[in-house]
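Welcome! Take a moment to look over the structure below, and then we will walk through a few of its contacts together.

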Amino acid sequence: MDKTVNQKAWFLVLPVLVLVAFSAVIPLMTVVNYSVQDTFGDNVFFWAGLDWFREMLESERMWSALGRQAVFSFIILMIEVPLGVIVALQMPKKGFWASFALVVMALPLLIPWNVVGTIWQIFGRVDIGLLGYVLHSLGIDYNYTQGFFAAWITVIVMDVWHWTSLVALLAYAGLQSIPDAYYQAAKIDQASRWAVFRYIELPKMQGVLMIAILLRFMDSFMIYTEPFVVTGGGPGNSTTFLSIDLVKMALGQFDLGPAAAFSLMYFLVILLISWVFYTVMTNLDKRDGV
Amino acid sequence: MAQATATRKPARRRINHSTVIMGLYLLFMILPIYWLVNMSLKSNSEILSTFSLWPEDLTFRNYRVILTDASWYMGYVNSLIYVLMNTVISITVALPAAYAFSRYTFMGDKHLFFWLLSNRMAPPAVFALPFFQLYSSIGLFDTHIAVALAHCLFNVPLAVWILEGFMRGVPKEIDETAYIDGYGFWRFFLRIFMPLIASGIGVAAFFAFMFSWVELLLSRTLTTVSAKPIAATMTRTVSASGLDWGVLAAAGVLTIVPGALVIYFVRNYIAKGFALGRV
Amino acid sequence: MAKITLDNLAHSYMSNPRGDQDFALKKTTHVWDDGEAYALLGSSGCGKTTLLNIISGLLRPSQGRILFNETDVTYAPTAERNIAQVFQFPVVYDTMTVRDNLAFPLRNRGASSSYIAQRVQEIAKLIGLEDDLNRKARGLTADVKQKISLGRGLVREDVNAILFDEPLTVIDPQMKWELRTQLKSLHHELGHTMIYVTHDQTEALSFADRVVVMSEGQVVQIGTPEELFEAPAHTFVGFFIGSPGMNLLDAQVEGDKATIGATEIALPAGFGTPVGKVQIGVRPEYTRLAASGGLPVKVNRVEDVGRHKIVRAEYFGKAINLIVDEGTEIGTDMTQVVFDPAKVNVYVDDWRVQGEAA
């Protein structure tokens, strides 16, 4: 659709601008302010320049948190995206079972994040949780507060439980938009199941899958509450992801300077990756624009 | 083609692999929740002493504890208040902005749009401390509106984006016809345009509700007593009074209920809604 | 290529149809000859798409059988029926090139690559896309995409039938005419059985050897365009085909005379004394206006549409249309309609009755 040039449209955008500026720009300025100052308490600050940034860039603590974060996001994307697509392909198209599946699948998405943590904290406990109890009685040494692998696997399975449905529902929405004629044409052309997926379903899902990957990447990169409730970042620091580390630093230790520098770099990394996604997505939109 | 295969009757509802996969997946979805419900209906002694797949000594004590204690149930009220405030604010400001983005070109529109979206990508953890200081300094700390405004940072950009997608699907000729018919902008917008994108508004409201309801980090940081959300009440009570597993589970179940209700009512729009008007 | 037999075919979308009115397709028995081009013509909701879907295997009929040659295919899946279909809106594989799109049905059936290359080239030439073969289908305009769909429908030579479901809806008028002519010549060349669903009478009449007219789930007439024009078997056909449609007037018929009010109208043959709802039908093309000797009418207006004039008249509230030559002068005293006796049809309860040889 070609749009008209109209500078007055700014007035329509104004409320959003004011609101978001109030809750984004002012706090962000505070962060920038902290990131270049140091304090000995008593609200006395002095200029620290880029020292905090340098310190954070040299800090092994941040790099290892970033490394864990990257590995975590990568693993859950590799599981959730294909699994979500597979589930979407198997979902009933209409009728009672379609509604039933939709409701059950959407359920985890609307549970407060700390409750998600609580659910898995309980579910995985060896004494009172179904999962932990079953694994334990099978003779598997499973303890997510002690074992490194147990902790990681619990956090990953929890995230898969929590978020795969988002990918599946998005993919399902993409599938629903394919007219029946395409499937009929594929039958007439004697296309294999794989060809139907490859040439009809996947191209139609492409747009929503990009959204799904973007959302999942962003949210997994910011994950805080769920692993915090389950493992508290442990054992040791093994599930201390970026947000957990940041909150520890800022609210726990009140290391405002380093935390602020950390925040800014954290935000920038996410922004950069999202920008790449966004550009790719708008280019796809343009290419599809008929 | 063979005569034999050509004349066979279509097979009715046989178990195939998609039923199996869907069944397993749904089981995976339900089991942890079931376990929570199961625990919430047991007494603490039963939880700790015996391991059973269903409550052998069914009790509603845990729910009674929550529903009769103001410090518990006010948590739900607080959560609902700021969630609703946030949803209303987000949609109200996002509507005109989304209209502007979907219909007009203006200076800096693309940068503005990306900047808005970039806020949705901001980690709440980054904002926790600055928000705490900002709202303390202007005297809004521990109020519902503080949490609602804080969540706007994430929900407004998302609402603008979703609504813009739906509005793009409405042909521009409708606007033009209305103006020719002598409608003013606001009358056209409220009377004609909004009903056309009603489903989009529903979807945006759903997403705003969803995020505001599930978020904890900011809502916990910005409240202490009078606006404390239920999710935060849960964590604090657990650390204070030892581990009352039954009550904890019951509180958890009660936080799932509003979401489940919302989903149930919008179930027929979920598929379309998740496409955000962009398929 | 195949002869298609519809044997007592009927379909209802309800699980327990109670009466005739619950059937989207009422009981139909017909044999469609091998190698003919048929058009399924009717307004929307008349059951033509239901019938097409039964032929293509998308729907299982609730009653009856469908046979390709002597093989019962009622329950055969689409893939086994060996048909081709072109849909109303372009169905192309977006991520493939035009060439791959055209080759796709052949590759899936394991044709040799040299044959595929040659065949794709032929079809591309036919639909005028030779120069675009290496382009991706995504981003092409709707009418080019629709041409690709047409090409995919035509690429296989051994199909039992080619089905077209209003394929020219998205094509602009100029191109429409060109493609229709191409399809027709193609049909003569290849001799496939073709079934073409449309609600556009011009499309149907210019494309098909035989037109199947449907109304309310019923096939009301199968005939050549000429038969539909000269001798509509049902008042619906008379009214639906032609522009404007056939004039229908209630009349008393006795032998070879019909009486409307006080006017006697000559009929081409003897019809006895039919009972029921008796009407006579005359095409506007076979009427003229005269000063005397016909049915007295009130002339409302005259429309000049170029090649001829359309006279809009009425007889006691019942509209009568006449088509007269461009050059004809219409005097104010010419208030009577004269019908060409050889072209008057008689309908009893909406169905045409055959006159005895005069």
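At what angle do helix α7 and helix α9 of chain A pack? In this predicted model, the angle between α7 (residues 148–176) and α9 (residues 193–221) of chain A is about 150°, and their axes are 8 Å apart. Because angles over 145 degrees count as roughly antiparallel, α7(A) is roughly antiparallel to α9(A).

**How the two helices meet**
- The crossing of α7(A) past α9(A) is right-handed.
- On the α7(A) side, the contact residues include Trp163(A), Leu166(A), Val167(A) and Leu170(A).
- On the α9(A) side, you can look for Met205(A), Val208(A), Leu209(A) and Ile211(A), among others.
- Sorted by class, the residues of this contact between α7(A) and α9(A) are 13 nonpolar, 3 polar and 4 charged.

**Where chain A touches chain C**
- Here 14 residues of chain A are in contact with 20 residues of chain C.
- Three helices of chain A, namely α8 (180–188), α9 and α12 (256–288), each supply at least two residues of the chain A side.
- Helix α8(A) gives the largest share of that side, with 6 residues.
- The chain A side has 8 nonpolar, 2 polar and 4 charged residues.

**The domains of chain C**
- In chain C, 5 residues of domain 1 are in contact with 9 residues of domain 2.
- The domain 1 side of this contact in chain C has 3 nonpolar and 2 polar residues, with no charged residues.

Terms used: Residues numbered from 1 in each chain as written. Chains lettered and ligands numbered in written order. Predicted model: local features only at pLDDT ≥ 70, side-chain atom pairs only at ≥ 80, totals over all residues. Axes fitted to C-alpha atoms, helices over the stretch in contact; angles between N-to-C directions. Helix = DSSP H or I, 4+ residues; strand = E, 2+ residues; numbered from the N terminus. Parallel < 35°, antiparallel > 145°, perpendicular 65-115°, else oblique. Left-handed = near helix turned anticlockwise from the far one by under 90°. Contact = placed C-beta atoms within 7 Å. Nonpolar A, V, L, I, M, F, W, Y, C, P; charged D, E, K, R; others polar.
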